[in-house]
Amino acid sequence: MAKNKVSGKSSVSIDKGYKVCEDCLFALVNGDYPSDDKRAEAVLAGEKRVLPARFLSDASEGDEGAFSWRACDCCKSTLGGTRHAFALVTHLSP
Ligand SMILES: [Zn+2]
């Protein structure tokens, strides 16, 4: 019944390839939620949906965002707009 102990390394799972809209970008990066209640709720719902993972800006792709009609992976908005590269990060408990 001995449990394996991972020595000093925190395990993190990173799932790349997500795209989020501008509203979500500001909320996730700056904690700046949309002033529109419905939009703010949608962003919060998106954050809750992926728990315990969290959205993290994926600057490694080096993009400034690009226009897309793809639904936002956080709030699910299908309005056309700029989408930014994000990753889902999960801290795995030892
Ligand atoms: Zn969004």
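Student: Lysine 76, is that buried, exposed or partly exposed?
Tutor: Lysine 76 counts as partly exposed because it has 14 C-beta neighbours inside 10 Å. Bear in mind that this is a predicted model.

Student: Where is lysine 76 found?
Tutor: Lysine 76 sits in the loop between strand 3 and strand 4.

Student: And what is its phi?
Tutor: The phi of lysine 76 is positive, about 70°, although the residue is not a glycine. Most residues other than glycine have a negative phi.

Student: New topic. Which residues have the most contacts inside the largest nonpolar core?
Tutor: Those are Val20, Cys24, Cys74 and Cys75, in a core of 14 residues. Two or more residues each come from helix 1 (22-30), helix 2 (37-49) and strand 4 (81-92). Helix 1 gives the largest share, four residues.

Student: What does cysteine 24 touch, leaving out residues up to four places away in sequence?
Tutor: Cysteine 24 touches Val43, Gly46, Cys72, Cys74 and Cys75.

Student: Which residues does the cis peptide bond join?
Tutor: Leucine 51 and proline 52, with omega at about 5°. Proline 52 lies in the loop between helix 2 and strand 2 (54-57). Most peptide bonds are trans.

Student: Last one: what pLDDT does the chain average?
Tutor: The average is 88, and 86% of the residues score at least 70.

Student: Which elements have the lowest and highest mean pLDDT?
Tutor: Strand 3 (residues 66-68) has the lowest, 91, and helix 2 the highest, 98. Where pLDDT is low, the predicted coordinates should not be read in detail.

How values were computed: Residues are numbered from 1 along each chain as its sequence is written. This is a predicted model: local features need pLDDT of at least 70, side-chain atom pairs count only at pLDDT 80 or more; totals for chains, interfaces and linings use all residues. A nonpolar core is a set of buried Ala, Val, Leu, Ile, Met, Phe, Trp, Tyr and Cys residues joined through C-beta atoms within 7 Å. A residue is buried if 20 or more other C-beta atoms lie within 10 Å of its own, exposed if 12 or fewer, and partly exposed in between; C-beta atoms are placed from the backbone. Two residues are in contact if their C-beta atoms, placed from the backbone, lie within 7 Å. pLDDT is the predictor's confidence in each residue, from 0 to 100.
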